[in-house]
Amino acid sequence: MRKYVIMGVQGSGKGTQATMLGEDLDLVHISVGEIFRLNVQQHTKLGAQVRRTMAAGELVGDDLVEGVVKARLAEHDWNFGFIIDGFPRNERQAEFFLESYDIDGVIHLDMPDSEVRRRVLARRLCSGCGMDYNLLASSPAVAGQCDVCGGELIPREDDTEEALAVRLRDYHQKTNPVLDIFRRKEYVVTVDARPDREIVQQAIRAKLGLPPGALPVPSQDGQPASSGQPASSGQPASSGGQPASSGGQAGPQPGG
Ligand SMILES: [Zn+2]
């Protein structure tokens, strides 16, 4: 049974890393944001509450979050453990969490504000079809125009320098005291969130003392397959139609 908390700023790949780790280790991934989204979609009582709060321009309250997490964990469907993101959000919740569950580790995805800013401010949205773009990863063929529908690419409404600065300040203000509480118990592993997702995932596993993930596959002679080529699977490597007779020696050998 493994119980982890994952923490990281917007754009740090928290959801991706939690999913990768969770799928491989059979951990239930509990995302508070995802629970809220589903409830809104399914028009539940909780969803209506969340909607009202957000329509009023407010953040979903800590009590509501705490209730959701308690209810979710009380389902006890996490036979092999869980990885939770979006909780705890403050010191009180962190204390409650530590008293109620013996946590195995807190994964802290670290990303400098400058990098968050670079990534978030490179996001664009098509005003026509709603397709997401990130100008760092893949620019459209024509600058400022959607590849799919030709619509104009615009920043998201809340992806301004000012709004992001507020979000970052808010994140650090809330997160630092929580991290401090977990650090006192020596639970926190901090991982650089900037490299590719696979590298980040392997770093998380190494720091938690978990076996490395399925990638990269070591080849048969024990050398790490560092080239990015698939490890030899015994298949012939030829891609063209070479005559099978040339060099074929798989037939029964005469007994000696
Ligand atoms: Zn479009």
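Mentor: Please bear in mind that the model is predicted. We may begin with the metal site, where the donor residues of the zinc ion follow the sequence spacing C-x2-C-x16-C-x2-C.

Trainee: Which atoms coordinate the zinc ion?

Mentor: The SG atoms of Cys126, Cys129, Cys146 and Cys149 do so, at 2.3 Å. They count as donors because S atoms within 2.8 Å of the metal qualify.

Trainee: Why is the site of the zinc ion called tetrahedral?

Mentor: The angles among its four donor atoms run from 98 to 116°. Four donors count as tetrahedral if all angles lie between 85 and 135 degrees, so the site of the zinc ion is tetrahedral. For reference, the ideal angle for four tetrahedral donors is 109.5 degrees.

Trainee: What makes Cys126 buried?

Mentor: Cys126 has a relative accessible area of 3%, and buried means under 20%; Cys126 is therefore buried.

Trainee: Why does Cys129 count as partly exposed?

Mentor: The relative accessibility of Cys129 is 43%.

Trainee: Turning to the pockets, how much space lies in the largest pocket, and how many residues line it?

Mentor: The largest pocket holds about 1700 Å³ and is lined by 41 residues, with Gln10, Lys14, Gly33, Leu59 and Arg89 nearest its centre. Nine lining residues, the largest share, come from α7.

Trainee: How does the lining of the largest pocket divide by residue type?

Mentor: It comprises 19 nonpolar, eleven polar and eleven charged residues.

Methods
Residues are numbered from 1 along each chain as its sequence is written. This is a predicted model: local features need pLDDT of at least 70, side-chain atom pairs count only at pLDDT 80 or more; totals for chains, interfaces and linings use all residues. Side-chain values use heavy atoms; hydrogens and water are left out. On a 1 Å grid over the protein atoms alone, a cavity is a set of points where a 1.4 Å probe fits but cannot get out, and a pocket is an open set with protein on both sides within 12 Å along at least five of seven lines; lining residues have an atom within 4 Å of a point. Grid points are joined across faces, edges and corners, and a volume is the space filled by probe spheres set on the points. Helices (H or I, at least four residues) and strands (E, at least two) are DSSP runs, numbered from the N terminus. Ala, Val, Leu, Ile, Met, Phe, Trp, Tyr, Cys and Pro count as nonpolar, Asp, Glu, Lys and Arg as charged, and the others, Gly among them, as polar. Donors are N, O and S atoms within 2.8 Å of the metal (3.2 Å for Na, K and Ca); water is not among the atoms, so sites may look incomplete. Four donors count as tetrahedral if all angles lie between 85 and 135 degrees; four count as square planar and six as octahedral if opposite donors are over 155 degrees apart and all others between 65 and 115; anything else is irregular. Buried means under 20% relative accessible area, exposed over 50%, partly exposed in between (1.4 Å probe, protein chains only).
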